[in-house]
Amino acid sequence: MIHSMVRVKDLKRSIKFYHELFELEVKRSIEFESFSLTYLSNQESEFELELTHNLDKTDGYHLGDGYGHLAFSTDNLKEIWEKAQSSGYAPTDIKTLKQLNKLVARFFFVTDPDGYQVEVIESNDLFN
């Protein structure tokens, strides 16, 4: 896979969110007459997040009732949770998922400025 796309209403606000919490940087932008494509990435992966900004869109997007999300792994789960909390992004509580008393994952969710769910998972043998 090379990228995933989300539609954004306020490009600067979305870039700020993904940079603050996940250290994603703008890799490139492509401007068109009615929309732009901005690709974000970091040093940890070649995978990119594409932010599509439709210039004439003034209201939010309907995300539907299906449950989809982006996910990031980190060695510093609590640090990112605290950063999200202090930045006013209202992360969920950190949860622990176990199977037969064996740790599967520690994680939390935070909502980006356009309502997309972002899962932050502590790196382990299954998620890194």
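Mentor: We'll talk about salt bridges and then a helix residue.
Mentor: This is a predicted model, where local features need pLDDT of at least 70, side-chain atom pairs count only at pLDDT 80 or more, and totals for chains, interfaces and linings use all residues. Residues are numbered from 1 along each chain as its sequence is written, and side-chain values use heavy atoms, with hydrogens and water left out.

Trainee: Okay, how many salt bridges does the structure hold?
Mentor: Five, a salt bridge being a side-chain nitrogen of Lys or Arg within 4 Å of a carboxyl oxygen of Asp or Glu.

Trainee: What does Glu122 pair with?
Mentor: Arg106, with N to O at 3.0 Å. That pair links distant parts of the chain, 16 residues apart, with Glu122 in strand 8 and Arg106 in strand 7 (residues 102-111). Strands here are DSSP runs of E, at least two residues, and helices are runs of H or I, at least four, numbered from the N terminus.

Trainee: And which residue does Glu82 bridge to?
Mentor: Lys78, the closest N and O atoms being 3.5 Å apart. Both lie in helix 2, four residues apart, so about one helical turn separates them.

Trainee: Switching topic: is Ala84 buried or exposed?
Mentor: Buried, at a relative accessible area of 0%; buried means under 20%, exposed over 50%, and partly exposed in between, using a 1.4 Å probe and protein chains only.

Trainee: What does Ala84 touch, beyond neighbours within four places in sequence?
Mentor: Leu21, Tyr89, Ala90, Pro91 and Val110 are in contact with Ala84, contact meaning heavy atoms within 4.5 Å.
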